[in-house]
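Welcome, and please take a moment to look over the model below. We will then walk through it together, part by part.

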Amino acid sequence: MNNELKNKDRIAIPRVKMPELAPDYRSRCYEEVQQGLTAEQALTEAQRCLNCPKPTCMEGCPVGIQIPKFIKLTEQNRINEAAAVLKETSSLPAVCGRVCPQEKQCESRCIYHKLNKEPVAIGYLERYVADNASPQSPVQIGDGCPSGRSEIKIAVVGSGPAGLSFAGDMAKRGYDVTVFEALHEIGGVLKYGIPEFRLPNRIVDVEIENLKAAGVKFVTNCIIGKTLSQDDLQQSGFQGIFIGSGAGLPNFMNIEGENLSGVLSSNEYLTRVNLMGANRPDADTPVMYGKRIAVIGGGNTAMDAVRTARRLGAEQAMIVYRRSEEEMPARLEEIHHAKEEGVIFMNLYNPIRYLGDEKGRVRQMVLQKMELGEPDASGRRSPKAIPNAIETIDIDVAIVAIGVSPNPIIPQAFQGLQVSNRGTIVVNQDNLQTALPHIYAGGDIVRGGATVILAMGDGKKAAAAMDEQLTQRKSNE
Amino acid sequence: MNKIIQKEYLSANVVKLVVDAPLIAHARRAGHFVIIKVGTLGERIPLTIAEADVKAGTITLVVQEVGKSSRKLCALQAGEYITDLVGPLGHATHIEHFGTVVCACGGVGTAPLLPIAQAMKQAGNRVITVLAARTKDLIILEREMRQCSDEVIVMTDDGSYGTKGLVTHGVEEVIQREKVDLCVTIGPAVMMKFVSLLTKKYDIPTVASLNTIMVDGTGMCGACRVTVGGKTRFVCVDGPEFDAHQVDFDEMMLRLNAYKEYE
């Protein structure tokens, strides 16, 4: 259709701008901030891709999506085929299109950087394709899967991004896959963690429905290691187990006053709103409201929490971060959105103490002013306290978003796993196999707190490795 | 969805529910708890398992109507369903032959103490139970407790049944008359605090089972955190039982009220 379009013309097209809700409107509701590209925008943006013979963008993708292939199909408006390309490698394209840090991955490797131009909006296009493909283009179930695979039962622990990605890939290969979820909802961090205004639950549900259509079974309210033991799984005939139980345990700073009421983890705050619907008048779960809400941390979760606080009516929703904005781990887009929505950034401040009233409620936080010193192990300039530069500010609620540790339930309950002193499950880096040959693990239970896409990449890698192991065993029999 | 098989009022606002939950009945040990949720937009609340019948595939929950969510649960009838039920959670009680074990329970705390008293008895301990409540009508599970205890001392605040006085009076009476090797206490936080202060005075190891605010019950939210021995611990994954002498009960009581003004 646009075969005659010359590279010169393609390069001349400016990068598309994602339509967004106006900041003053969206900071009062939970509607998705980014509205998605229109068909015209998407098809035009797709023309920008030069279909490089050696697509470096793909090297930046943790799951190796055939990026030029799906974009060129999009350019020709063959959306269902483009979606099929995405689904060859990613079980959750609509999710990845929204929450992947593309600017650090695929888009950071785009040829356009060499031309001093903005990269192709790969993430926006991925989202466009995933959202606009016909719902009946299900996960591709591999034709000619070796017979007998459907008799092999595989258990997945946790229905977050690692587990879903693993489950999708194993179902594609023809295995009998059951996903066990501890909570009452499927989706893990995609449901309890990431807010509706960034990743609507209905998008996650579409992906889950696709997996169900591909034969994946889901069991909610079932905690492996508690409700069902390692032995129970074995006796039920599960031949392979993938652990994707996530980094459930919130970290605290262990400073004075941190157990006052009104000081809570971002996990608690976000779970109350995202999973339990605490912002809805018809929900039973309460959430803390306040005029002055401080969120401690500079990652994506901190941005999610502070933007939620704005939506719950905080007049002053503050980020308190011990380094400068440059070192913030959050996506630039999230920082930008937070600023647009009126979030106050208190960078180079570190809380050292909380002060409460006679009822044990937090009222103030004592902050140490920081400055940047030499780069530390992470390569970021490490913050140092400025002597005697201490400030006290009034707050109603403090939300601690400084990271998470691996959930201890599986490491405690399973015999024979190797567990690091950080509480992560130790795996063979090449195939994600644990010390127990039939058990694989991936995502945050191995990484200790990373991203959705890395977890999904792990699920994919583990599925390939487990499949190979099971296939080999079968042929040796 | 878990079906309620049987419902019975133990007192005016305390309900006993026998619930179909075969996997939990099979996996649970004394000291474990579950999280329940009633309705799609219900709240997740923790409840300690009182009894379980592996053969029938049921667990027994004892619920006191104290807030919106417990009222909703108590309003369910036999034959109806609990929307979500998950467990067993927490660490099971450490059971061994200690010698003489005093079980000090107050009000609805008797329900979670029952399986512990039973297990302690089975492990060969001499079990003395001090059953306390404000008034006679609020004494629950006395018959069941008598079956697994060598002695039951009933205390009521108003003297309407048993001896007039607080749970601590009953416990102290036992301590003064014989050697006590372990005390296990479950009840309102303030009660556990005073039992703990008492046994500390006599240097008797004491275990308290804490019932704090929780959302997920699996370590995710941290709403349940308590200070034990100067360190922050999570009741859901580190507890629910702790060395009572190390627990900061004052802080725990304040934290229990964290959401009062938002409900």
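Predicted model: local features only at pLDDT ≥ 70, side-chain atom pairs only at ≥ 80, totals over all residues.

Residues are numbered from 1 along each chain as its sequence is written, chains are lettered from A and ligands numbered from 1 in the order in which they are written, and side-chain values use heavy atoms, leaving out hydrogens and water.

Let us start with chain A. It is divided into domain 1 (7-132), domain 2 (149-248 + 406-476) and domain 3 (250-400), with bounds that come from an automatic or database domain assignment. Between domain 1 and domain 2 of chain A, the C-alpha centres lie 28 Å apart. The area buried between these two domains is about 1900 Å², and carbon and sulfur atoms give 70% of it; buried area here is the accessible area (1.4 Å probe) that two parts lose on being put together, summed over both. On the domain 1 side, A:Ser91, A:Leu92 and A:Val99 supply 30% of the area buried against domain 2 of chain A, more than any other three residues.

Now for the charged pairs. A salt bridge is a side-chain nitrogen of Lys or Arg within 4 Å of a carboxyl oxygen of Asp or Glu, and the structure holds 49 of them over all chains. Between domain 1 and domain 2 of chain A, however, there are zero salt bridges.

One salt bridge joins A:Glu107 and A:Arg15 (3.1 Å, N to O). A:Glu107 lies in the loop between helix 7 (93-99) and helix 8 (122-132) of chain A and A:Arg15 in the loop between helix 1 (7-12) and helix 2 (23-26), so the pair ties together parts that are 92 residues apart in sequence. Helices are DSSP runs (H or I, at least four residues), numbered from the N terminus. Both A:Glu107 and A:Arg15 are buried, meaning under 20% relative accessible area, with exposed over 50% and partly exposed in between (1.4 Å probe, protein chains only).

Chain B has domain 1 (2-89) and domain 2 (100-260). Their C-alpha centres lie 21 Å apart, and the area buried between them is about 1600 Å². Helix 6 (residues 189-201) of chain B contains B:Val190, which is partly exposed at a relative accessible area of 41%.

Technical notes:
Helix = DSSP H or I, 4+ residues; strand = E, 2+ residues; numbered from the N terminus.
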